Amino acid sequence: MGAKTHKSRGSRGTRSRRAVGLAAAGALLFFTNIAARAQGTDDQSVAALQQMSIEQLGNIEVTSVSKEPEPLSNAPAAIYVITHDEIIRSGRTSLPEILRLAPNLEVAQVSANSYAITARGFNGTTTSNGAGNKLLVLIDGRSVYTPLYAGVFWDLQYVLPEDIDRIEVISGPGSTLWGANAVNGVINIITKSSADTQGTFAKVQAGNLDYGASAQYGGMIGEDTALRIYGMGFNRDNDVTASGANAYDDWHKFQGGFRLDWAPGNSRLTVQGDIFRGSENQPLPPDAVIAGHNLLARWSQTLDDGEALQIQAYYDYNTIYVPGSLGNSLRTFDIDAQHSFSWGADQDIVWGGDYRYMEDHFDNIASVKFLPPDTSQHLASAFVQDTVSLSDEFQLIVGSKFEDDPFIGLQFLPNVRLSYKPTDHDLLWAAVSRAVRAPSLWDRNLNELVGTTTILGGGHFNQENLIAYEAGYRARPLSNLSFSISAYYNVYDDLRSVEFSPGPAFPLVYGNMMEGKTYGVEFWGNYAVNDWWQLTAGASYEHEDLHFKAGSFSPFLGLDASIAGNDPPWQLSLRSSMDITPDLMLNVALRGVGRLPEPKVSAYAEMDANLNWKISNNLQLSLGGFNLLHKHHPEYLTTGGSNEIPRSVIASVRWDM
């Protein structure tokens with residue numbers, strides 16, 4: 001009877017959400033008709049998409065490596081840029097799925113509403129010891145890291161794909177510019193100026209797992225001021241278990257927001273914000289609730305002598321409440337300033353500082369508590385980086401961040417990079433960096449009861465340390481061929497471990513009793529077969545050699561690396577993008593992922609495909625299929641369940657007004 005009652009409840013919830021989703025779709029379409037004006041459609045339409053040449057790809061400006069604009073071909077780091085064109089062609093609609101386009105990331109779907117994402121190893125979720133806590137993620141300069149476990153709640157993050165200009169993905173440390181927790185990589189999601197998203201569109205989509213709608217209006221308020229507003233809503237249906245049963249993890253979300261850009265002369269002012277709310281099905285009712293809002297303002301000024309000044313401030317609030325488990329709400333206030341200038345003919349200096357204040361509140365339950373339930377943290381930092389032109393071919397980059405963390409005090413995070421550019425088409429680079437993963441509230445304040453065993457945060461838990469050695473080569477040997485290859489050797493110390501209390505005895509506590517090294521190679525390349533067909537390939541190999549330190553009293557001594565992260569030793573990808581006709585585009589992506597050690601997941605291959613068709617000047621159709629090679633299969637397992645990801649198809653229609 002209990003199972004039948006549960007199933008009935010899930011059906012009612014699904015019908016209710018579908019009704020809400022259809023109502024939202026209708027409201028969004030009504031909104032676009034009200035907002036429509038007599039002006040041209042925006043540049044996100046399929047008709048405007050064009051394959052970028054290999055040379056154009058190399059000249060994309062990136063800012064994440066040096067915090068100053070520079071061509072991708074000059075950036076001395078393992079950086080892959082997911083372009084707007086790639087995003088639209090892929091048909092992917094969520095940030096985690098879009099991040100699959102980066103060959104230097106590990107992306108694994110855990111359930112309908114959660115993902116495990118990392119770079120260079122140590123992947124995990126909040127229910128695993130690794131917890132994916134060594135990757136920093138920013139959206140337009142706003143950090144979406146949570147001090148709860150030093151990772152990202154991916155279900156809280158959404159950006160309309162049509163508004164993404166590019167996503168810069170750095171594999172390797174970025175602590176000198178971005179601070180603690182930018183240990184193994186940085187993801188910087190950069191959206192388009194509202195001046196570049198003029199016009200009105202509405203989009204509806206439906207498939208066997210997903211349905212939803214979105215709408216956006218972009219217009220000019222004055223000669224120098226542009227505005228866009230958007231709204232969206234979606235529902236994603238349940239995944240399945242290994243037996244094919246309902247996993248009860250469907251979810252829905254509604255979000256809206258705006259961006260205003262004012263550009264008088266050499267000044268730029270951006271004000272933007274979002275608000276969202278959603279719910280997520282649980283194996284036992286009631287549903288989990290997620291909600292949040294944010295507001296960001298950024299002012300920048302370019303001076304006549306080439307100096308640039310930028311000041312940014314944001315407020316961010318989010319909450320996630322899981323009945324019967326835990327509730328957490330977080331408020332963040334942040335202000336950041338940076339200044340760049342040239343010193344003489346051969347040096348470019350960028351420096352700045354940041355102050356962040358965070359308030360966490362926990363709704364504790366008997367089995368999971370954070371003590372105290374209310375915390376506040378102050379984080380202050382300053383950085384400086386100097387790029388020195390030693391000659392026409394050689395550049396030396398030296399810098400450091402100085403960060404005062406509330407748990408571990410002042411940290412020194414230096415970085416040295418040397419680049420050699422013998423021709424316009426070749427770049428060799430090498431780097432040595434120090435990075436740390438600062439303690440989170442999970443490490444310090446947790447009080448969890450698992451069965452009859454208590455796990456406590458370590459009151460003296462210290463930072464995790466990394467010394468990273470990297471080298472890379474980026475080249476364009478032919479006008480239609482470019483590639484990047486990088487190698488790394490990472491030495492870790494004081495990694496998180498679970499230890500018996502001195503004795504050994506219970507309770508278990510978090511300690512810093514793991515160490516070791518990882519090394520690997522990453523490769524990706526682009527080849528234009530002709531002017532209408534382009535291939536993109538990627539490959540990575542990683543070896544982890546981690547072990548417990550002498551004196552450890554961990555109950556998991558035999559698990560070694562698996563307790564710090566569950567990572568595949570290799571990944572392969574191949575993507576084909578074709579302009580079959582000027583109005584018909586086909587994108588096909590293959591990926592292969594190696595076996596995960598613990599919890600074990602077999603190696604697998606998957607395929608996604610998407611077809612974009614411009615029916616008329618104002619109407620476009622997209623038809624996509626994802627995970628096409630399997631009816632359902634797991635990508636990442638946790639100790640709490642074994643959800644499997646089903647095959648899905650989805651069709652979308654976009655109307656430009």
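Colleague: In β5, which residue is the bridge partner of A108?
Modeller: The model is a predicted one. Strand β4 covers residues 106–111, and five bridges join β4 to β5, residues 114–118, with the two strands running antiparallel. A hairpin of two residues connects β4 to β5. Within this pairing, the partner of A108 in β5 is A116.

Colleague: How many of the residues of β4 are buried?
Modeller: Strand β4 is mostly covered. The count of buried residues in β4 is six of six.

Colleague: Is the pair of F234 and W251 stacked or edge-to-face?
Modeller: The structure holds 17 aromatic pairs. For F234 and W251, the ring centres are 5.1 Å apart and the planes meet at 85°. Planes over 60 degrees apart count as edge-to-face, so the pair of F234 and W251 is edge-to-face.

Colleague: How many residues apart in sequence are the parts that the pair of F234 and W251 ties together?
Modeller: F234 belongs to strand β12, residues 225–236, and W251 to strand β13, residues 251–262. The pair therefore ties together parts whose separation in sequence is 17 residues.

Colleague: Does F234 count as buried or exposed, and which residues share its cluster of ring pairs?
Modeller: F234 has a relative accessibility of 17%, so it counts as buried. W251 is buried as well, with a relative accessible area of 9%. Ring pairs link F234 into a cluster with W251 and Y158.

Colleague: Does F506 count as buried or exposed?
Modeller: F506 forms an edge-to-face aromatic pair with F500, at 5.4 Å centre to centre and 80° between the planes. F500 has a relative accessible area of 24% and is partly exposed. For F506 the relative accessibility is 55%, so F506 counts as exposed.

Colleague: Over the ring of which residue does the charged end of K67 sit?
Modeller: Two lysines may be considered here: K253 lies over the face of F276, at 4.5 Å from the ring centre. The charged end of K67 is 4.5 Å from the centre of the ring of W178.

Colleague: What separates the C-alpha atoms of E61 and R166?
Modeller: E61 is placed in strand β1, residues 61–62, and at 48% relative accessibility it counts as partly exposed. Beyond four places in sequence, E61 touches P69, E70, P71, R166 and E168. E61 and R166 are 105 residues apart along the chain, and their C-alpha atoms are separated by 9.9 Å.

Colleague: How many residues are in the largest nonpolar core?
Modeller: I82, L99, L105, V137, I167 and I187 touch the most other members of this core. Elements that give two or more residues to the core include β3, α4, β8 and β9. I167 is in contact with Y80, V81, I82, I87, I98, L99, I187, N188 and I189, leaving aside neighbours within four places in sequence. The number of residues in the largest nonpolar core is 30.

Colleague: How many residues are in the second, separate core?
Modeller: Among the members of this core are L160, F201, M232 and F362. The size of the second core is 27 residues.

Key
Residues numbered from 1 in each chain as written. Predicted model: local features only at pLDDT ≥ 70, side-chain atom pairs only at ≥ 80, totals over all residues. Heavy atoms only, no water. Buried < 20%, exposed > 50% of the residue type's maximum accessible area, 1.4 Å probe, protein only. Helix = DSSP H or I, 4+ residues; strand = E, 2+ residues; numbered from the N terminus. Pairing = 2+ DSSP bridges. Phe/Tyr/Trp six-rings, centres within 6.5 Å; stacked < 30°, edge-to-face > 60°. Lys NZ or Arg CZ within 6 Å of the ring centre and 35° of its normal. Contact = heavy atoms within 4.5 Å. Core = buried A, V, L, I, M, F, W, Y, C linked by side-chain atoms within 4.5 Å.
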